[in-house]
Amino acid sequence: MSKKLISLFLAALMLIGCLPALADEAITVTDMHDREITLDAPATRVVAMQPSDCEILCAIGCEDALVGIGQYCDYPASITSLPVVQSGAETNVEEILALEPQVVLMNDMSQTEEQVKQLEDNGVKVVVSKATDIEGVYYAIRMIGTLMGKADAAEAVVADMQDTFADIQSKAQDEGKTVYFEVSPLEYGLWTAGAGTFMDELATICGLTNAFGDVNDWASISEEQVIARDPDYIVTITMYYGEGPTPVEEILGREGWQDLKAVKSGQVFNASDSNALSRPGPRLKDAAVELYDFIYGEAAEVEPAA
Amino acid sequence: MLSGENITVRYGERAVVDGVSFHLQEGQWLMLAGPNGAGKSTLIEAIAQGVPYTGVIRWQGENLRAMKPQQLARRIGVLSQRNGVGYAYTVEEVVGLGRYAYRGGFLSGRRGEDHDRVDQALAMTGLLGLRRASMLTLSGGEMQRAFLAQVFAQDPQVLILDEPANHLDLNYQQQIFSLIQAWLRQPGRAVLSVVHDLSLARRYGTHAVLMHRGRSVAQGPIDGVMTPEHLNGVYGMDVAAWLGELLGQWQGDKKGHCS
Amino acid sequence: MNDTRTLRRERFAPLTYALLTAALLLAMILCVCVGSVPISLSDTVTAVWNALWGLPIPQTIAKNIILNVRLPRVLCVAQAGASLSLCGAAMQGLLRNPLADGSTMGVSSGAALGAVIAMAAGFTLPGTGYGGVMVTAMAFAFGSLVLILSLAYALDHSLATHSIILIGVIFTMFISSIISLVVTFASDHTRSLNFWTLGSFSGVNYDQAKLLALALALCGGVIMRYSHELNAFAVGEDNARHVGVNVKRVKLVILITVSALIGVCVSISGTVSFVGLVMPHIARMLVGPNHKRLLPASLFAGAIFLLLADLAARTLFSPIELSIGVVTSLVGAVAFVIIFYRTRKAR
């Protein structure tokens, strides 16, 4: 999504901010598919298909309004007891209607026009949320806050994120160091996060350059490129299941990688939660802090292995 | 040399060959005759150990079932009806396969003999000029001769042939039957074949087994088996009269030509 | 004598082999020298040369990339290509079916399913690490092959027909959906679906290269020993029996050997299609259908083709890497249509 479009959204948002005063309780938002949605009153029954929207709802104190979640929603743990609906290509309209929501929050990638229309014919408001960068996440938080009548709480979450990023940015020194994000390990074929990903943005905030900034999105890359680009830091998001070498040990032990700067200085880290790094939600702030700690904090001294 | 006792082949419940026995002696050409569905080809497959059967088939007293495939192939050569080639093998390569039964580590010194046998077989079947030709380019008659050359190269003592001249022009028919007859003249050899054409069977066979619905109706020297009485019963028609009528058409022409 | 000379020429054509060997060496050298990271020829040569004699290597990047990334990969790719092509040639001969191959007959996907299940269930053989996955892959490959052959045989009593391929393709689709199911439910433990369906040599190491070498030497040796029998089968299974081939035993041995070799390849690189289907045809165009020459020629052709395909996968969109199956299917499908059209016309 282009920056221009986002600033347009922001302008629209500012307009919306003035609206409640005029139309008493009525709420109007422009969703991230550029559609206008009007509610008579703040929503009290919401189905959120995406993990990030669940996280946003909980962060602004609206967990009670959640009546259903998409199949991959797992944070915070307290929501996992809620009814689960199929999401993505398997979206099932009946399942959603059975939960009698007023609003459904979804991405617009896989739902068909027909499905959206079916939901709307049944009086359910479909709101599209699809942030692809941090500015987009701010927009999504404010949009959901308005929908829920919690604009203030949403603003506080956004402010907290902005403050955290600003704080990190001010402390971080841009020394031209590079970081390589490993999304899929060597054994399964190397994948990295390139430009246009949250990891890329977080790297910039921490004063680093993404070693694969020339690649778009998540991409399969060749091993020799990693060796040639010789990153200063390596961050892997591979989960550890308690058997065999840890992801960090595995990277440190790779043949041909022993001369990489990151390996020699032990600057290889395993992110504690890959979802925080990749979901367009409030926890990007936590991911940024963790990344900062890896690079500048004590964590950097704790991690290196033999 | 080769004898079968009480051979039965069943496809499910149905006995396609039902308790047939036969004896084949050196120098004999045993014809399996009978109408379609009599079980002739199946009996041949059984002798070649290609279908499961009950009963015993013996080679000079030895049970064929106990023989290794290579041993069997050195004694019995089979020319089956369906022979096509999927890939562009040369005639020589296909004929050379007939020497497979003589392969084996300790026999490797016999390469020279292999070549000679292949050459002889090619010469006998008139294929020397086509030895490097691809099997895919051959006509039906040439293909049949190539597979005949393969069994010749195999150098068995008994030849088992299923319709060796099927679908061939008359001149090839005569050629192939004469070739087989010439092969049979060597001592220690015998032939067993299915021949549909009764005239051909009678012309070349020394002995015959007449089959009907899986059973042997008559067997023995060819003249004793191919009698009007046997044939008429099996085919359900006056065989001699029909064949005579067919040939009669040509008699006038021949006379007219001569005079 | 003239006749003996032609026969001898049939048994070995030194010139063809010299050319094929040269082409293979050239392809290997090319694949070691060219990659997504440009490394000068002299650095490459120094790295390989010094490593051979145990000398220290001055350029660390060249050393790490050439010796630890490219060389093991080139070795694995060449051997996997040779193995798959050899298996294709053997199956096309054994079944007298020019469309037979591990990927058209569901053997590769069967092996992939075995590997996926073994990974998902955490099935390991004591002391072998990856051995459990490999053995399961082999067993599944053989099971699929037997299943497909018996289905095809029940359908029309012949294995030379197209129905066997039809069954194989349907079976492959069926197995692929099971694989994706297993991968979905056990995504934490197995490689990605992409790997299993399109294949990849990314991250292979010397241990895997050694394993492939062992498998190729053993299985390849067995298959090559059966070249006479394969000729007989390629002319016709009935004919093979008549000339004295022990058809049941030969068939069983070849099928087991082929399954084992495909199982090893699949567990290392996923399913790479079209190599085993197309390369034997190209080899047949070069040296004819006689397996004495066809099998070695297929080995070379498969190795060279897969090396070049992997080179394309590595370098075409550098630094992004393609799945090797994308390249082989793209090139292989087109080549196959051309070859099939030409051979059909030639008849």
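How many residues of domain 1 of chain A are in contact with domain 2 of chain A? The first legend gives the count. All views show a predicted model.

**View 1. Two domains of chain A meet.**
In the contact between them, 17 residues of domain 1 of chain A face ten residues of domain 2 of chain A. Look for helix 2 (51-59), helix 5 (134-147) and helix 6 (151-171) of chain A: these elements give two or more residues to the domain 1 side. That side holds eleven nonpolar, three polar and three charged residues.

**View 2. Helix 5 of chain A packs with helix 6 of chain A.**
The two axes come within 7 Å and cross at roughly 160°. Helix 5 of chain A is therefore roughly antiparallel to helix 6 of chain A. Their crossing is right-handed. Helix 5 of chain A makes the contact with A:Y138, A:I141, A:R142, A:I144, A:G145 and A:T146. From helix 6 of chain A come A:A151, A:A153, A:A154, A:E155, A:V157 and A:V158. Sorted by class, the residues of this contact are eight nonpolar, two polar and two charged.

**View 3. A cis peptide bond in chain A.**
Find the bond that joins A:Y75 and A:P76. This peptide bond is cis, with omega about -10°. A:P76 sits in the loop between strand 4 (66-70) and strand 5 (84-85) of chain A.

**View 4. Chain A touches chain C.**
Here 21 residues of chain A are in contact with 23 residues of chain C. On the chain A side, strand 11 (218-220) and helix 8 (223-229) each supply at least two residues. Which of the elements gives the most? Helix 8 of chain A does, with five residues. The chain A side has eleven nonpolar, five polar and five charged residues.

**View 5. Chain C as a whole.**
Chain C has 15 helices and zero strands. Its C-alpha trace spans about 65 × 60 × 40 Å along the principal axes. A compact globule of 347 residues would have a radius of gyration near 20 Å, and chain C agrees, because its own value is 20 Å.

**View 6. Helix 4 of chain C packs with helix 12 of chain C.**
Helix 4 (residues 60-94) and helix 12 (residues 247-269) of chain C pack at an angle of about 150°. Their axes are 10 Å apart. So helix 4 of chain C is roughly antiparallel to helix 12 of chain C. The crossing of this pair is left-handed. Helix 4 of chain C brings C:C76, C:A80, C:S83, C:L84, C:C87, C:A90, C:M91 and C:L94. They meet C:K251, C:I254, C:V258, C:L261, C:I262, C:C265, C:I268 and C:S269 in helix 12 of chain C. By class, the contact has 13 nonpolar, two polar and one charged residue.

**View 7. A cis peptide bond in chain C.**
C:S318 and C:P319 are joined by a cis peptide bond. Omega is about 5°. C:P319 lies in the loop between helix 14 (291-315) and helix 15 (324-346) of chain C.

**View 8. Chain C touches chain B.**
In this contact, 25 residues of chain C meet 27 residues of chain B. Helix 1 (2-11), helix 10 (227-235) and helix 11 (237-242) of chain C are the elements that give two or more residues to the chain C side. The largest share, five residues, comes from helix 10 of chain C. The chain C side divides into nine nonpolar, ten polar and six charged residues.

Chain B has ten helices and ten strands. Its radius of gyration is 19 Å, close to the 18 Å that the globule rule gives for 259 residues, so chain B is as compact as a globular protein of that length. Along the principal axes, the C-alpha atoms of chain B fill a box of roughly 55 × 55 × 35 Å. Now pick out B:Q49, in the loop between helix 1 (40-47) and strand 4 (54-59) of chain B. Phi of B:Q49 is near 60°, a positive value in a residue other than glycine. Most residues other than glycine have a negative phi.

Notes:
Residues numbered from 1 in each chain as written. Chains lettered and ligands numbered in written order. Predicted model: local features only at pLDDT ≥ 70, side-chain atom pairs only at ≥ 80, totals over all residues. Contact = placed C-beta atoms within 7 Å. Helix = DSSP H or I, 4+ residues; strand = E, 2+ residues; numbered from the N terminus. Nonpolar A, V, L, I, M, F, W, Y, C, P; charged D, E, K, R; others polar. Axes fitted to C-alpha atoms, helices over the stretch in contact; angles between N-to-C directions. Parallel < 35°, antiparallel > 145°, perpendicular 65-115°, else oblique. Left-handed = near helix turned anticlockwise from the far one by under 90°. Rg over C-alpha atoms; globule rule 2.2 N^0.38 Å.
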